[in-house]
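Visitor: Please pick a single part of this model and take a close look at it. Then set that part in its surroundings, step by step.

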Amino acid sequence: MVASRRKEPLRYQFAENIESPFTIIEINGMEMNSKDVGARLVDLSQNGCQIESFLNLKAADNDINITVKFTLLNQHIEITGHINWQRSTTYCHYYGIEFVKSSVGDYAFIMQYLKSYSRSKSQSIAT
């Protein structure tokens with residue numbers, strides 16, 4: 001059994017499709033200004049997320065920073081992150097994104113959205 005290195009108190013895995021386009025902002029230290037790349041948000045925590053995309057970024061060979069965009073509870077969120085890992089299947093590629101801390105501080109506000117989102121989904125199932 002592999003021990004998890006995750007230290008987040010909450011990692012929410014989405015059952016539904018949450019569109020999460022991303023833009024590539026840097027590859028191997030070179031600034032980029034890409035168009036939106038289609039992706040789906042798989043899970044989310046305060047410190048990072050996992051996305052699924054058809055684009056193969058070859059993350060094992062490149063140092064890549066991206067900006068991930070998604071909407072939770074009618075709140076549009078854009079967060080910059082670093083691709084830590086890539087896992088590929090026949091049809092798509094999964095990426096583990098670690099959010100880059102900025103001068104704004106940590107992303108504690110994500111926890112509030114996740115808790116509210118989780119409650120809203122629980123209530124919609126109960127009714």
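Guide: Start with a cut-off: a residue is buried under 20% relative accessible area, exposed over 50%, and partly exposed in between. Asn28 has a relative accessible area of 46%, so Asn28 is partly exposed. This is a predicted model. The part to look at is the turn that holds Asn28, together with the strands around it.

Find Asn28 in the loop between E2 and E3. E2 and E3 form a hairpin, and two residues separate them. Asn28 is not a glycine, yet its phi is positive, at about 50°. Two bridges join E2 to E3, and the two strands run antiparallel. Ile27 has Met30 in E3 as its bridge partner.

A second residue deserves a glance here. Leu73 is also not a glycine, and its phi is near 50°, again a positive value. Leu73 sits in the loop between E6 and E7. Its relative accessibility is 40%, so Leu73 counts as partly exposed.

Now step back to the sheet. Eight strands make an open sheet, in the order E1-E4-E5-E8-E7-E6-E2-E3, with antiparallel pairing. Strand E1 (11-19) and strand E3 (30-31) stand at the edges; each has a single partner strand, so one side of each is left without a neighbour in the sheet. The hairpin therefore includes an edge strand, E3. In general, strands of a sheet pair through backbone hydrogen bonds, either parallel or antiparallel.

E2 covers residues 22-27, and five bridges join it to strand E6, residues 64-72. E2 and E6 run antiparallel. Along this pair, Ile24 stands opposite Ile66 in E6.

Five bridges join E1 to strand E4, residues 40-45. These two strands also run antiparallel. Glu19 stands opposite Arg40 in E4.

What does Ile66 touch, beyond its neighbours within four places in sequence? The list is Phe22, Thr23, Ile24, Ile25, Ile51, Ile79, Thr80, Gly81, Ile83 and Ile97. In soluble globular proteins, nonpolar side chains tend to be buried together.

Ser53 touches Phe22, along with Val37, Gly38, Ala39, Cys92, His93 and Tyr95, leaving out residues up to four places away in sequence. Ser53 lies in strand E5. Its relative accessible area is 3%, so Ser53 is buried. Where does the side chain of Ser53 reach at 2.9 Å? It reaches the backbone oxygen of Gly38. At 3.2 Å, the side chain of Ser53 also reaches the backbone nitrogen of Leu55.

Cys92 is among the contacts of Ser53. With 7% relative accessibility, Cys92 is under the 20% cut-off, so it counts as buried. Cys49 has 3% relative accessibility, so it counts as buried too. With sulfur atoms required to lie within 2.5 Å of each other, the count of disulfides is zero.

Finally, the whole protein. There are eight strands and one helix. Along the sequence the pattern is β-β-β-β-β-β-β-β-α. Of the 127 residues, 38% are buried. Among contacts with a separation of 6 or more, 60% link residues 24 or more positions apart. The protein exposes about 8,000 Å², and carbon and sulfur atoms supply 51% of that area.

Return to the turn. Asn28 is partly exposed at 46%, in the loop between E2 and E3.

Methods:
Residues numbered from 1 in each chain as written. Predicted model: local features only at pLDDT ≥ 70, side-chain atom pairs only at ≥ 80, totals over all residues. Heavy atoms only, no water. Pairing = 2+ DSSP bridges. Helix = DSSP H or I, 4+ residues; strand = E, 2+ residues; numbered from the N terminus. Buried < 20%, exposed > 50% of the residue type's maximum accessible area, 1.4 Å probe, protein only. Contact = heavy atoms within 4.5 Å. Areas by Shrake-Rupley, 256 points an atom, 1.4 Å probe, with all protein chains shown as cover. Polar contact = N/O pair within 3.5 Å; in protein donor to acceptor, adjacent residues only side chain to side chain.
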